[in-house]
Amino acid sequence: MDDDKQILEVYLQILAPPEKKAVTSSEALEAVVYGGAAQRSFAISEQYDLITAMQGQDGFEMIKQARESNSPFTLAFIDVRMPPGWDGIETASKIREIDSDIEIVMVTAYSDRERNELVTKIGTPEKLLYLKKPFDPDEIKQLALSLTGKWCLEKALKNAHDKMERRVEERTAELQKSNEELKTAKQTAESAARIKSEFLANMSHEIRTPMNGVIATTELALGENPPPKLEHYLKIIHSSGYSLLGIINDILDFSKIEAGKLDLEEKPFELDSLLETLVNMFVNRTREKNVELLIDLDPEIPLALIGDPLRLQQIITNLVGNAVKFTSDWGNITIGIELESISAGQATLKFFVKDTGIGMKPEYLKNLFNPFTQADASTTRKYGGTGLGLSISKQLVELMGGRIWAESELEKGSVFFFTVILGVQEDESNEALVMPEDVNRANALIVDDCEASRFITEKVLESFGCRAEHASTGENALARLKVKESEKPPFDFIIMDWRMPGMDGIETSRRIREELHMAVPIIMVTAFGREAIKLSAESTGINGFLSKPITASSLYYSILSNAFGKDISGRRVFKRSLKKSPAVEASLAGIKILVAEDNPVNQIIAREVLKKAGIITEIANNGKEAVNIVTENGFNRKSPGSKANGERRFDAILMDVQMPEMDGYEATIEIRKLEAEDTKNISGSKSKIKRLPIVAMTAHAMKDDEEKCLDAGMDGYVAKPIIQAQLFSTLVELIPPGDRPAPALSDAATESAIDALASDYKDTILKSRELSNGINFTDAMNALGLGSETFRKILSGFLGNTADTMEKIRGAFDRQDWEHLENLVHNLKGSGGNIGANALWEVAHELESLSREAVSTLKAPSKKLVDKVEDSFEQLTGAIKGYVGAQKNEIANEEKKEVDVDLLSPVLTRFVDALSTGEPYAVSAGLAAVRELAGEGELVRELSVKIDNYNYDDAQLILQKLAERYGIDI
């Protein structure tokens with residue numbers, strides 16, 4: 001568009017010269033974009049339909065009509081001045097209103113100053129360019145080519161987008177239709193399943209009723225002393241009736257569960273009574289196969305519980321029944337129960353049933369708990385069964401808030417595990433069984449050929465406070481007694497198994513009496529009934545008798561009565577004595593602390609220090625995380641928002657002051673606000689609101705820092721590096737005695753112990769800080785109250801966590817990122833101070849202060865100070881490497897000690913079995929035995945760490961290395 005006709009002719013000549021060969025638009029666009037055909041002609045007449053207008057109104061009408069006929073213009077060159085009608089500015093504005101896609105080039109002969117005013121007036125929108133007259137023909141060609149190419153690409157993109165939108169709409173409609181069909185199908189399937197389950201439930205009930213009649217009348221007929229042949233037939237009917245009834249009961253339970261009609265009871269029951277009933281159910285079946293049934297019960301488990309004892313018994317019965325079915329003669333089955341956790345009137349128990357049966361291939365385990373499934377078809381044919389039992393057990397376990405799983409190895413046996421959550425009664429029967437003071441720490445000898453039975457009995461005896469040794473045969477027992485014959489007496493009592501290979505329990509007992517002339521009390525234990533051997537046993541001087549599987553309570557009272565002549569008519573239970581420990585630690589044992597700390601090294605230190613005092617800890621990595629954890633679990637006792645059944649989760653918080661995301665001050669303020677809201681929500685309650693103590697932990701040691709902590713709402717203040725006595729005394733002061741376990745010592749003794757500890761630690765820290773090189777690991781270790789191995793792990797952790805710290809500090813300094821530099825140096829200062837690196841602490845403290853000032857003043861700290869920090873850091877890391885290396889050398893020297901391989905070999909063999917089953921007490925016993933025989937070498941230390949972390953697979957590898965060191969084959 002131009003009011004000058006000659007200029008219009010120039011446009012036509014430039015854009016469509018007839019003498020040049022035309023090229024395609026894609027070739028021309030390629031020439032501009034890629035430059036690979038720069039010499040090609042720009043005569044591209046086949047690309048364009050060229051139309052001219054001398055007035056803005058005319059051009060506007062042409063563009064409007066082309067738009068309406070769906071043949072829009074791509075590009076318009078518009079002269080700014082076109083008298084007497086619309087000028088170029090008004091024309092461009094009008095065109096923009098009807099066609100937002102067209103590319104526009106404003107052509108003007110104005111000076112640069114006037115052009116700038118034009119730009120100011122109408123702007124530079126995306127599709128509006130400016131071209132100054134006189135223009136270069138190549139510039140016109142390039143503009144035309146690039147802008148039309150751009151327009152074509154945008155058009156193609158828009159078309160593709162529209163096509164995709166339509167496809168998405170179509171797919172959405174299809175998906176909605178599929179969802180509706182799926183919903184309908186789901187409802188139909190659920191309805192069918194419900195009808196099926198209800199039908200099976202009703203039919204099972206109807207069938208079971210006459211079956212009870214068949215069984216009852218058969219029992220009546222058997223009671224009439226029928227002839228032998230008829231009695232045989234009746235017994236077949238009776239046995240078959242019970243088998244069929246068991247199948248029907250399984251189907252009924254399965255149907256009830258599927259239909260959602262199985263409800264669990266909540267009533268008090270005694271765990272030991274349930275186990276006794278269970279044992280009586282299988283005693284005949286195990287006796288027939290000479291299979292030993294053992295009970296491995298964690299002594300810490302409360303026996304007075306609340307739940308559904310019948311359904312719990314059903315689960316265990318199913319698992320034990322399978323174990324008996326698949327265990328060959330002379331095997332053994334262990335029913336184990338462990339305490340996973342206990343709090344707020346609830347206990348999570350872990351049950352396991354371990355057998356020495358046929359086992360399974362790993363590929364069968366994944367489908368084991370599906371209904372109507374067994375390991376394989378041949379198993380069903382050989383051993384029988386519907387495959388419903390495990391499926392029902394799984395669903396019952398899940399209804400009790402737990403899970404069930406299995407481990408197995410072909411030809412070596414299986415272990416089935418499950419967990420359940422049960423209520424705990426407030427009952428005296430839940431108190432621990434501990435021997436009276438006058439017989440405490442009694443020595444016992446366990447004689448049993450069954451390894452599992454020996455370890456279980458030893459564990460129970462140790463829980464009573466007794467010490468135990470064991471022998472696997474009668475001959476070994478006699479040899480052990482002869483060795484200790486000089487001791488008076490060598491043992492306080494003996495637990496003697498009756499059936500053992502070679503010399504049985506009765507013969508062993510006779511020889512103890514007649515040949516060794518020992519009157520030591522002997523309690524005989526048998527898994528196969530006792531009436532047939534009782535007279536023979538009594539003639540040898542047996543003091544007491546127990547049947548396997550023995551329980552903790554039956555063994556406890558048998559020892560008291562038969563070994564020590566105690567009166568047990570009142571069934572008195574003796575409480576477990578508290579361990580002797582420092583007053584402060586004893587008074588804080590069992591409390592729960594949330595530690596808000598972002599530094600990994602400091603987290604380890606805090607956890608270890610608190611663990612040493614018996615304090616339960618949880619870590620929050622920053623202030624925001626601490627607020628979230630506390631908020632989720634409620635603030636006050638009996639608060640409506642608490643998820644802990646009216647008990648707040650933590651007794652106090654140890655709050656680091658400087659942390660990322662949210663520092664300790666902000667976190668404390670937020671907790672206090674939420675705590676106030678929580679208090680307001682329960683206003684009017686008769687319960688007294690208790691403030692959650694918050695103790696600041698900070699590397700700052702100025703008075704105003706302490707005041708700032710208190711102003712933020714904190715209750716106490718401990719400076720880093722933390723002095724253990726100061727920390728404990730602060731916690732004792734802030735946590736009322738009513739909110740923590742009763743102290744083992746009197747208040748006066750507690751105060752005296754606190755003062756003594758505080759004085760000792762103060763002297764140690766002062767002495768440490770006076771050292772010229774600024775590093776004293778031994779004093780720092782003693783000040784923290786940690787063992788050498790734990791402190792060595794902390795030092796190794798410091799090396800790992802600070803490997804790139806100086807590189808980061810240098811980078812922050814070079815970027816002049818003072819805030820980041822302050823945080824980096826603060827963390828380094830805190831970590832170094834906690835491990836006794838006082839020189840590093842001082843220079844890091846100075847650099848931290850200057851970095852904090854630089855955030856506002858922009859005055860850079862001295863580079864020499866950064867160099868000093870680096871020098872101190874390198875000196876520290878070198879010292880740590882030397883210290884850790886020396887410790888390893890000491891450990892290596894320890895490992896060179898000679899050991900009794902004959903004694904160590906069976907211990908390692910049993911230990912491997914304990915690790916493979918994962919039985920905690922057997923693992924603990926094995927570790928203690930290895931430590932005693934092999935010392936505290938590096939491998940034993942590594943073994944201990946793996947076991948502490950429940951990494952039993954790696955522990956087995958370390959145990960293998962230890963065995964290879966002493967030439968032991970395990």
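Guide: A residue counts as buried when its relative accessible area is under 20%. This model is predicted, and in it both Phe-369 and Phe-416 are buried.

Visitor: Why is the pair of Phe-369 and Phe-416 called edge-to-face?

Guide: A pair of rings is described by the distance of the centres and the angle of the planes. Rings pair if their centres lie within 6.5 Å, and planes over 60 degrees apart count as edge-to-face. The centres of Phe-369 and Phe-416 are 6.3 Å apart and their planes stand at 80 degrees, so the pair is edge-to-face.

Visitor: What makes this pair of Phe-369 and Phe-416 a tie between parts of the chain?

Guide: Phe-369 lies in the loop between strand S8 and helix H10, whereas Phe-416 belongs to strand S10, so the pair ties together parts that are 47 residues apart in sequence.

Visitor: Why is the pair of Trp-405 and Phe-417 called stacked?

Guide: Planes under 30 degrees apart count as stacked. For Trp-405 and Phe-417 the angle is 15 degrees, with 5.2 Å from centre to centre. Trp-405 lies in strand S9 and Phe-417 in strand S10, so this pair ties together parts 12 residues apart in sequence.

Visitor: How do you know that Trp-405 is buried?

Guide: The cut-off is under 20%. Trp-405 has a relative accessible area of 18%, so Trp-405 is buried. Phe-417, at 5%, likewise counts as buried.

Visitor: What makes the charged end of Arg-403 sit over the ring of Trp-405?

Guide: One condition is that CZ of Arg is within 6 Å of the ring centre. The charged end of Arg-403 sits over the ring of Trp-405, 3.9 Å from its centre.

Key. Residues numbered from 1 in each chain as written. Predicted model: local features only at pLDDT ≥ 70, side-chain atom pairs only at ≥ 80, totals over all residues. Heavy atoms only, no water. Phe/Tyr/Trp six-rings, centres within 6.5 Å; stacked < 30°, edge-to-face > 60°. Helix = DSSP H or I, 4+ residues; strand = E, 2+ residues; numbered from the N terminus. Buried < 20%, exposed > 50% of the residue type's maximum accessible area, 1.4 Å probe, protein only. Lys NZ or Arg CZ within 6 Å of the ring centre and 35° of its normal.
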